Structure formats: structure tokens, C-alpha cells
Amino acid sequence: MTLYGNNNLPIILLILMILSFSKVGYSSSEVTINDSYIKEKYKDHLTCLRAIRFYEQKYNIPKNLLHAVTLVESGRWFKEIGIFLPHPWTLNVSGKPYYFSNKKEANAFLQKSINDGIKSIDVGCGQININFHGHFFEKIDNLLNPVYNIAYAAYFIFMNYAKTNNWYKAVALY
């Protein structure tokens, strides 16, 4: 979660504009998939989207702002369904991104990285940094739970907004 330090704010604003104004964009509340195979294969990604919609409403975060943040942080293009989605099994270890196929693989690499003494690890849809925010989770692997991850990301952005009274600054502090 170092959006400001990596100068990603312009990217977030661009994605937010696309999501808000473009026919190509979509919001987390507009994604519907009827194919049961696709639903099952991408269920955890869709869980991220449902959690985004829920927590944007809970914290009165502007529609699609949290969605845009998660797309910058962990987004991947899924050609099979033609959608850019937040990826729950994303880790960024010391600045290098890793995308895993499932929670088990991501958790194994997360635990190995921690055991190797690495401190800078961002986890999940919202790329929550374990060094700065891990203590808010009962267990570190809870960061890989899409709902917990998004819940904390939304809370953190909301608290940044409470400090600054400005959504752009709130995201910049993310």
C-alpha cells in the first residue's frame, strides 16, 4: 500500500475516470456472470468485487474509488471473461509482484517470505502491507481472505479521509 510513494495516484484517477465515464468500464456492482463454470473459477475475485461494493457503501466511499484502488494494486486482465479484476492471490514482496493461482500457493509463499525475514510484503486484493498493518489481523493469512482484506482497505481509506476531508488525499495516503 504505497500508492503515493510510487506515484500511482494519476493511474488511480485514470482508472476511476474510465470506470465512471466509459462504456468500456464497469463498476463492482455491475459485474454479473451467469456461467456456472466461470462463477466457480473466479468466485474469489467476485468476492473481492462484492466486498468492494459493500464497503464503499458502508463507509460512504465514492462509487468505484475503492474498486479503482484495488485494480491498481492487484488488478489482472482475465481474457477468458474479458474483465480486469482485483486478484486476491497477489503478493508484492520487496517491490516484486507475484500472482498465484490459489490461496494455498499464495499463503505458502507468504509464510516462506515471512520466515525468510522479509518485512515489505503487500497482500491480497487491496495489497495490505503486513509490516504496517498486519497487527490488525488475528492471523497473517487472514490478509488473504478477500472480505477481510477489502474491509481493512476500505477502513484505512475512510480513516485517511477522516483525517484529510479529501478523497484524493485519502487515496494518496493509502
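Modeller: Along the sequence, the chain runs in the pattern α-α-α-α-β-β-β-β-α-β-β-α-α-α, which gives 8 helices and 6 strands; helices (H or I, at least four residues) and strands (E, at least two) are DSSP runs, numbered from the N terminus. This is a predicted model, where local features need pLDDT of at least 70 and side-chain atom pairs count only at pLDDT 80 or more, while totals for chains, interfaces and linings use all residues. Residues are numbered from 1 along each chain as its sequence is written, and side-chain values use heavy atoms, leaving out hydrogens and water.

Now to your disulfide, meaning a pair of cysteine sulfur atoms within 2.5 Å. The count comes to 1 disulfide, and this bond joins Cys48 to Cys125, with 1.8 Å from S to S. Cys48 sits in helix α3 (residues 43-58) and Cys125 in the loop between β5 (121-123) and β6 (128-129), so the pair ties together parts that are 77 residues apart in sequence. Are these cysteines buried or exposed? Both Cys48 and Cys125 are buried, where buried means under 20% relative accessible area, exposed over 50% and partly exposed in between (1.4 Å probe, protein chains only).
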